[in-house]
Amino acid sequence: MAAETGTPTTLTLKSNDDELFSVAESAAILSVTIRNMVEDGCAGGVIPLDNVDGKTLASVITYMNGISAIPADEEKKKSYRDKFLSDKDFETLADMVLAANYLNMSCLMDAVSAKIAQVMEKKSVGWVRRKFGIENDYTPEEEAAVKEEHKWTFEGVETDDDN
Amino acid sequence: MEMNKHKVDPDTQNPRKRMKKGERIIDKLHDDILIAIVSCMSLKDAVRTSVLSSRWRYLWMFSGKLEFDDRDTSTGKIMKRVNFKAWVNRVLKLHRGPQVDSLVIRFSTNLYYQARTSGIDSWIYFAMQKKVKSFELNLSVEKGIFPCFPYRFPNIKKLLSRSDQVKSFGFRSLRSLRLAYVDIEDEVVHYFLASCPCIEQLCIRASNKATKNLEIGRERTIASPDLHQLYSLKRLELTVLSMNCRSLLFFTSLIKSSPNLQEFRIKRGSTQLFPVVSSVMTAEFQHKNLKVIELSGYVGITSEDEFILHLIKVAPSLDVVFIDTQTDHHAKENYDRFGTSPDWQDCQLRLYAMYRAEGLARTCISQIKFVIT
């Protein structure tokens with residue numbers, strides 16, 4: 001980490017739709033991708049993030065600032081993450097998980113993955129397909145076969161309501 | 001998720017217009033991301049995703065988290081043992097990912113037939129093959145009684161000799177190990193302590209043999225020369241069900257070998273008395289990080305006090321000492337046999353234990369906080 005002493009260093013990040021964002025280096029280095037750039041001394045000017053659009057990057061930066069303001073308290077960090085993700089729709093979540101993956105931010109990646117998984121939990125196959133826009137490319141026979149293949153998994157296990 | 005239930009999809013009447021956008025975005029998520037998502041699900045939900053589309057068919061087989069529980073948490077219904085085992089075996093066989101971060105297997109075994117739980121060896125082997133970081137094997141028995149013929153953790157050498165891959169790697173990636181109601185040999189405990197450099201959490205609950213073996217260990221001086229330094233271990237929790245518990249010495253050697261240990265909790269299951277342990281025999285050392293110790297099942301005898309006082313002496317970092325005077329059903333069942341009211345007996349014993357614990361707290365002039373319950 002280049003400059004830990006003196007005045008806090010600010011980095012400028014550029015989204016793939018050419019929006020510029022200022023963010024404290026201490027918060028930005030939550031991203032291993034950015035941290036590596038800083039450590040290699042490539043963070044002097046503008047850091048271009050080719051895989052992240054402005055809307056998503058703004059959201060990620062909000063998260064970076066929010067989470068880095070919380071001292072080392074896993075409980076508080078978790079509740080911040082929960083709150084931060086609570087009102088995001090799937091499209092936003094999907095953009096964020098892509099951004100988190102690209103920026104190599106494991107805490108955000110894990111939290112968003114868990115959030116998406118939570119949305120899918122206990123839902124019927126049809127509901128998930130519809131909600132996530134998954135095209136069913138099975139033939140009816142194939143689908144029936146896959147269902148049959150995993151039927152054993154549910155033996156003796158109560159079914160969940162599909163809603 | 002019973003597939004049969006999905007024949008009529010209730011959502012067909014729910015025309016949402018988000019599909020178009022979603023369709024594009026789900027295709028942008030590459031398989032690794034989808035696997036990360038699937039890894040956050042319960043096994044049940046994860047397997048169901050295979051029905052979504054051909055792309056999803058095999059994704060769950062790469063899941064980094066496999067948790068099996070014979071009890072359905074929402075209904076409390078318990079699966080038949082045969083079905084449970086078939087379920088676990090099937091899933092483990094189908095799993096294709098190179099690694100599993102977390103493997104949890106919890107099922108209740110019959111008090112007398114636990115020894116027949118063959119096949120568990122192969123689950124442990126699977127855990128090794130998939131380089132687990134967190135492994136829990138919990139074979140709980142009704143009422144917390146230790147089974148007559150418990151499942152014994154396999155011989156570690158035999159396990160390692162099953163393939164070259166596990167032979168060289170073993171359980172080296174293990175960070176957390178939780179074993180409950182598993183008969184575990186001295187040698188195996190040793191292996192985990194000596195061969196897992198990343199181990200942070202070790203919890204061995206209700207292992208009948210543990211105490212006996214640790215006792216043997218004392219005679220063989222299992223202490224520091226044998227044990228590697230466990231730099232990562234921060235929290236150590238042991239539950240011992242034993243008729244003859246004289247392993248306190250071993251615990252001090254364990255603490256000595258774990259320089260970064262912060263929390264040490266020990267729970268005793270029976271009311272059998274500790275033999276008096278001379279402090280001369282205990283390991284002399286200084287510990288800089290131990291902050292919390294907890295002794296559950298405290299009955300108020302000299303050896304327990306000596307153990308606590310010894311730790312207070314060697315660990316100036318100590319902040320809190322928890323002493324819990326509550327004992328388990330075991331004791332209550334004994335009282336039943338003598339025809340006295342268990343509650344009354346229990347109450348008397350607890351009062352005595354609390355009185356002793358408070359006395360102990362008073363003798364410590366240091367800043368250490370005592371929490372006595």
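Helix 4 (74–86) and helix 6 (106–120) of chain A each contribute at least two residues to the lining of the second largest pocket, where helices (H or I, at least four residues) and strands (E, at least two) are DSSP runs numbered from the N terminus. This is a predicted model, in which local features need pLDDT of at least 70 and side-chain atom pairs count only at pLDDT 80 or more, while totals for chains, interfaces and linings use all residues. Residues are numbered from 1 along each chain as its sequence is written, chains are lettered from A and ligands numbered from 1 in the order in which they are written, and side-chain values use heavy atoms, with hydrogens and water left out.

The largest share of that lining, six residues, belongs to helix 6 of chain A. A pocket here is, on a 1 Å grid over the protein atoms alone, an open set of points where a 1.4 Å probe fits, with protein on both sides within 12 Å along at least five of seven lines, and its lining residues have an atom within 4 Å of a point. The volume of the second largest pocket is about 300 Å³, taken as the space filled by probe spheres set on the points, which are joined across faces, edges and corners. Its lining comprises four nonpolar, one polar and six charged residues, and among them are E74(A), K78(A), R81(A), D110(A) and K115(A).

Helix 5 of chain A (residues 90–103) has 14 residues, which at 1.5 Å a residue should span 20 Å, and its end C-alpha atoms lie 19 Å apart, in agreement with that value; the expected span is 1.5 Å times one less than the number of residues. Eleven of these 14 residues are buried, so helix 5 of chain A is largely enclosed by the rest of the structure, buried meaning under 20% relative accessible area (1.4 Å probe, protein chains only). The buried residues include F90(A), D95(A), M96(A) and L103(A). Just after this helix, N104(A) adopts a positive phi of about 55°.

Further along chain A, G126(A) sits in helix 7 (residues 125–132) and counts as buried because its relative accessibility is 14%. G126(A) and N136(A) are ten residues apart in sequence, with a C-alpha to C-alpha separation of 9.3 Å in space.

In chain B, S50(B) occupies the loop between helix 3 (43–48) and strand 1 (65–69), and at 0% relative accessibility S50(B) counts as buried. The side chain of S50(B) reaches the backbone oxygen of V47(B) at 2.6 Å. Leaving aside neighbours within four places in sequence, S50(B) is in contact (heavy atoms within 4.5 Å) with Y138(A), V146(A), H150(A), W56(B), R57(B) and W60(B).

Methods: Ala, Val, Leu, Ile, Met, Phe, Trp, Tyr, Cys and Pro count as nonpolar, Asp, Glu, Lys and Arg as charged, and the others, Gly among them, as polar. Buried means under 20% relative accessible area, exposed over 50%, partly exposed in between (1.4 Å probe, protein chains only). A polar contact is a pair of N or O atoms within 3.5 Å; within protein, one must be able to donate a hydrogen and the other to accept it, and residues adjacent in sequence count only if both atoms are side-chain atoms.
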